[in-house]
Amino acid sequence: DEVHELSNSGGSAQSLAFQQLVHLRVPVVALTGSAMNGYASSLFMLLWCLSRKFRLRYERTELTRFIEDYGYVKRFVEEKDAPQKSFGAVTDRVEKVKTAGQSPGVLPSLLLGDLLPVAVPLQLADLEIDLPPKREVVVEVEPTAEMRQRYDRLQRELLARIKRDRFDKELSGRLFGQLSEMVSYLDRSTADTGNTPEGDWEIRYPEEVGGRVVASERGLPCGPLSPKEVWLARTVMEELDEDRRAMVFVWHTQLFGRVQRLLEEQLSERVVVLDARKVGAKVREAWVDREVVAKGARVMVVNPVAVQTGLNNLTWFDSVFWFESPACNPTIRRQANGRIRRIGQRKEARFYSPVYAE
C-alpha cells in the first residue's frame with residue numbers, strides 16, 4: 001500500500017526493497033490513493049517495476065530519457081548574434097538552450113499505453129456510497145498594512161539580489177529556496193515564530209556559499225493576533241459550536257506553540273499538538289486514541305506529513321484547516337484530506353484554506 005512513497009528512482013532503501021519484492025515472481029497488487037504527484041517522473045519507477053512491456057523500452061537508469069519522451073521540461077532559450085557573421089540587415093543567430101528541470105504534466109499516451117494496461121483506476125466517486133459530502137473553502141485574508149509593507153520590502157530586496165546574481169557562477173540560483181519560503185513570512189513574522197533564535201526574519205545565502213544576510217526584519221510583537229489567526233480562531237469556534245471537531249495543519253514547527261496557545265486562549269479549551277518528533281509513526285494511531293479520542297479533545301494541531309498515511313482513526317475530526325500550504329505538494333494535501341473523509345465519517349467533511357490576499 002501507499003506505493004507512491006516507493007517511487008524514488010534515485011535508489012532509496014524503500015524503493016530498492018520494493019523493486020526486489022515485485023520481482024519475486026509472485027502476484028503483486030500495488031495500491032495508492034495518489035498515483036502521481038503531478039510530474040511524469042513520479043510514475044517512472046512504479047511502471048518500471050510493474051510492467052514488463054515498460055522495462056523492454058527503458059533501462060532502470062533512463063529516467064531522463066523517459067521525462068523527455070512523456071513529461072514536460074523547462075528550457076530557457078537564449079539568442080545571441082553570432083560573432084563576425086553579420087550580412088547586411090540579416091544577422092545569424094545562435095541559440096543557447098539550458099534545461100532547468102521538470103514542469104507538471106504527463107502525455108496522455110503514457111496513461112493509455114502503459115498505465116491503464118497494468119492498473120485498475122478507481123475514482124473516489126466510485127466509493128462514495130458510504131461517504132458524506134465535502135466542502136472546500138478558500139478564504140482570502142487581508143494582511144495588516146505593516147505586514148504587507150515588510151513583506152514587499154523583503155521580497156523586493158530578494159528579487160533584486162537574485163537578478164544581480166544571475167551571472168555569478170557561484171551565487172546564481174542559490175536564493176531560489178529563500179524565494180519559495182517568502183510566502184510563509186506573513187505567518188511567521190512575529191518574534192516567537194521567526195527563523196532566527198532571536199525571533200527575527202532573515203534571508204540568507206546557504207552556508208556553503210558563505211551564509212551572508214540579504215535582507216532582514218525584526219520580529220513583530222508576539223501579543224497581537226495576525227488577521228489570519230483572528231480568522232482561524234473565529235472559524236474554529238464556529239465549527240465547535242456546530243459540534244464539529246477541527247484539525248489544524250501547520251507546516252513549520254515554529255508555529256506549533258503559537259497556534260496551540262492562541263487557540264486555547266480564544267476557545268478556552270485544551271488543544272492537542274501531535275508532534276511527529278516525539279510520537280513515532282508506529283505508535284501514532286494508538287497515541288491519537290489515547291490522547292485525543294479517549295480524552296475528548298476537539299482540536300488538534302499537526303503537520304500534515306505526520307498523518308498523511310497509516311492513520312484510520314482521524315474520522316474523529318470533521319473539519320480541516322490548512323493554516324499553511326504543505327510546500328505546494330498535492331500528494332500531501334490529498335492524502336491528509338483523506339484522513340477525515342473516509343469510511344467512518346458521518347458528517348460533511350469541510351476543508352478550509354485561509355490565504356493572504358495576492
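A: What follows describes the sheet, then the helices on the sheet, and then a few residues and a cavity elsewhere in the chain.

The model is predicted. The secondary structure of the protein comes to eleven helices and ten strands. Its C-alpha trace spans about 80 × 60 × 35 Å along the principal axes. The protein has 358 residues, and 41% of them count as buried. Among the contacts with a separation of 6 or more, 70% are between residues 24 or more positions apart.

Now the sheet itself. The sheet is open and has six strands, in the order S3-S10-S9-S6-S8-S7, and the pairing is parallel. At the edges are strand S3, residues 134-141, and strand S7, residues 272-274, each of which pairs on one side only. From one strand to the next, the twist averages 20°. In general, the strands of a sheet pair through backbone hydrogen bonds, and the pairing is either parallel or antiparallel.

Strand S6 covers residues 246-249 and strand S9 covers residues 319-322; the two run parallel and are joined by four bridges. For Met-247, the bridge partner in S9 is Val-320.

Helix H9, residues 254-267, lies across S6, S7 and strand S8, where S8 covers residues 299-302. H9 runs at about 165° to S8.

The loop between S8 and S9 contains Thr-315. Is Thr-315 buried or exposed? Its relative accessibility is 18%, and buried means under 20%, so Thr-315 counts as buried. Leaving out residues up to four places away in sequence, Thr-315 touches Arg-339, Ile-340, Arg-342, Ile-343, Gly-344 and Gln-345.

Two further residues lie in other parts of the chain. Glu-217 is in strand S5, which covers residues 213-217. Glu-217 has a relative accessible area of 13%, so this residue is buried. The side chain of Glu-217 makes a polar contact with the side chain of Arg-153, at 2.9 Å. Apart from neighbours within four places in sequence, Glu-217 is in contact with Arg-150, Arg-153, Leu-154, Tyr-185, Asp-200 and Trp-201.

Thr-196 is in the loop between helix H7, residues 176-181, and strand S4, residues 201-204. Thr-196 counts as buried because its relative accessibility is 12%. The C-alpha atoms of Thr-196 and Gly-219 are separated by 9.6 Å, and these residues are 23 residues apart along the chain.

Last comes the empty space. Rolling a probe the size of a water molecule over the atoms shows where empty space is left. A search of the whole structure finds one cavity of 30 Å³ or more. The largest cavity holds about 40 Å³ of space. The residues that line the largest cavity are Leu-186, Asp-187, Arg-188, Ser-189, Thr-190, Ser-226, Glu-229 and Phe-323.

How values were computed:
Residues numbered from 1 in each chain as written. Heavy atoms only, no water. Buried < 20%, exposed > 50% of the residue type's maximum accessible area, 1.4 Å probe, protein only. Polar contact = N/O pair within 3.5 Å; in protein donor to acceptor, adjacent residues only side chain to side chain. Contact = heavy atoms within 4.5 Å. Pairing = 2+ DSSP bridges. Axes fitted to C-alpha atoms, helices over the stretch in contact; angles between N-to-C directions. 1 Å grid on protein atoms, 1.4 Å probe; cavity = no way out; pocket = protein on both sides within 12 Å on 5 of 7 lines; lining within 4 Å. Points joined across faces, edges and corners; volume = space filled by probe spheres on them.
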